[in-house]
Amino acid sequence: MGDKVNGQHGAAGVQSIDRAMSLLSVFSTARPVVGVSELARATGLARGTAHRLVTALVSHGVLSQVPDTSSYCLGPRLLGLAEVARQQISLEAQAGPVMAWLRDRSTETVGLHILDDMPSRRTIAQAESPHALRRTYTDLGAARPPYQGAPGKLLLAFADERLRRRVLDGELPVADGGDDLDATRLAAELATIREDGYALSLQERVPGVVASAVPVRDHRAVVVAALSISIPSVRAGRDELLGLIPLAREAADQLSERLGYVGETSGDTESV
């Protein structure tokens, strides 16, 4: 009989947690302050139930009552919890297992890349292919032009418009020292990359190497990194790169979920 009672209490506890989470999910940047009646309507809870849960959340600092009103906002307790979560879901901390997963399934070198404000593309991590002939990043952390190569173009395509304009309005020397890239043509390619959701490079920056790249998003739905697969050109071309895009996207989705991404949000989802 004791087991039955414990089970009932456990079920009630889980229900309370589910209801509390549904209340917290009502708050957003667009709706930072909410009253109990509105919380009840948004969650489908009885007003009395919503009020009891709100009172409990306030007692734990998870919600706070807005002074001189009957409305509530998220509380200070969440700031400390958010900082702990942020430290654990940082890009580099979460990327390793996902990159290894993608490397093992593609058998090719996987890279993780970011865009800085210079703007430059930087490779911050890699998972090397097991093949004797493989792509190896020997310039981890080095600044590279963002318009050269698949990961740079991918990041530039999803970058803030002002940053992208800075690049397009500047000089665009190619990797082999030839004539500058045509800005109009590059802008059109970046638009296609945004539409397709991936970028390709056929020996564009490094002779003998082809690559593809897909976006990684964080909890804001902002593109914060590019995940790439790089392959010696003797082993792959455009068709092989395209064939690996679904696998790369699956890995990028895994990493994005680890960073808190749960789907598209309203408004601009471009990177900053």
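Buried here means under 20% relative accessible area, exposed means over 50%, and partly exposed lies in between (1.4 Å probe, protein chains only). The model is predicted: local features need pLDDT of at least 70, side-chain atom pairs count only at pLDDT 80 or more, and totals for chains, interfaces and linings use all residues. Residues are numbered from 1 along each chain as its sequence is written, and side-chain values use heavy atoms, with hydrogens and water left out.

The protein has nine helices and eight strands. These elements are DSSP runs numbered from the N terminus, with helices (H or I) of at least four residues and strands (E) of at least two. Of the 272 residues, 41% count as buried. Contact is defined as heavy atoms within 4.5 Å. Among contacts with a separation of 6 or more, 59% join residues 24 or more positions apart.

Two loop residues other than glycine have positive phi values. A221 is found in the loop between strand 7 and strand 8. Phi of A221 is near 70°. A221 is buried, with a relative accessible area of 0%. D68 lies in the loop between strand 2 (63-65) and strand 3 (71-74), and phi of D68 is near 65°. D68 is exposed, at 84% relative accessible area. A further loop, between strand 4 and strand 5 (121-127), holds P119. The peptide bond joining M118 and P119 is cis, with omega about 0°.

Helix 5 (residues 91-106) packs against helix 9 (residues 238-258), their axes coming within 9 Å and crossing at roughly 160°. The pair is therefore roughly antiparallel, a term for angles over 145 degrees, where under 35 counts as roughly parallel, 65 to 115 as roughly perpendicular and the rest as oblique. Axes are lines fitted to C-alpha atoms, for helices over the stretch in contact, and angles run from 0 to 180 degrees between N-to-C directions. The crossing of helix 5 and helix 9 is right-handed, that is, the near helix is turned clockwise from the far one by less than a right angle. On the helix 5 side, the contacting residues include L91, V98, W101 and L102. Their partners in helix 9 include L244, L247, A251 and L255. By class, this contact has eleven nonpolar, three polar and three charged residues. Ala, Val, Leu, Ile, Met, Phe, Trp, Tyr, Cys and Pro count as nonpolar, Asp, Glu, Lys and Arg as charged, and the others, Gly among them, as polar.

A nonpolar core is a set of buried Ala, Val, Leu, Ile, Met, Phe, Trp, Tyr and Cys residues joined through side-chain atoms within 4.5 Å. The largest core has 28 residues, of which L102, L112, L227 and L255 touch the most other members. Helix 5, strand 4 (109-115), strand 7 (209-217), strand 8 (223-232) and helix 9 each give two or more residues to this core. Helix 9 gives the most, with eight. Beyond residues up to four places away in sequence, L255 touches L91, Q94, A95, V98, L112 and V216. A second, separate core of 21 residues includes L154, A157, L163 and A199.

Helix 6 is mostly covered, with eight of its eight residues buried. G152 lies in helix 6 (residues 150-157) and has a relative accessible area of 0%. The C-alpha atoms of G152 and L115 are separated by 7.5 Å. In helix 7 (residues 161-169) lies R164. R164 is buried, at 5%.
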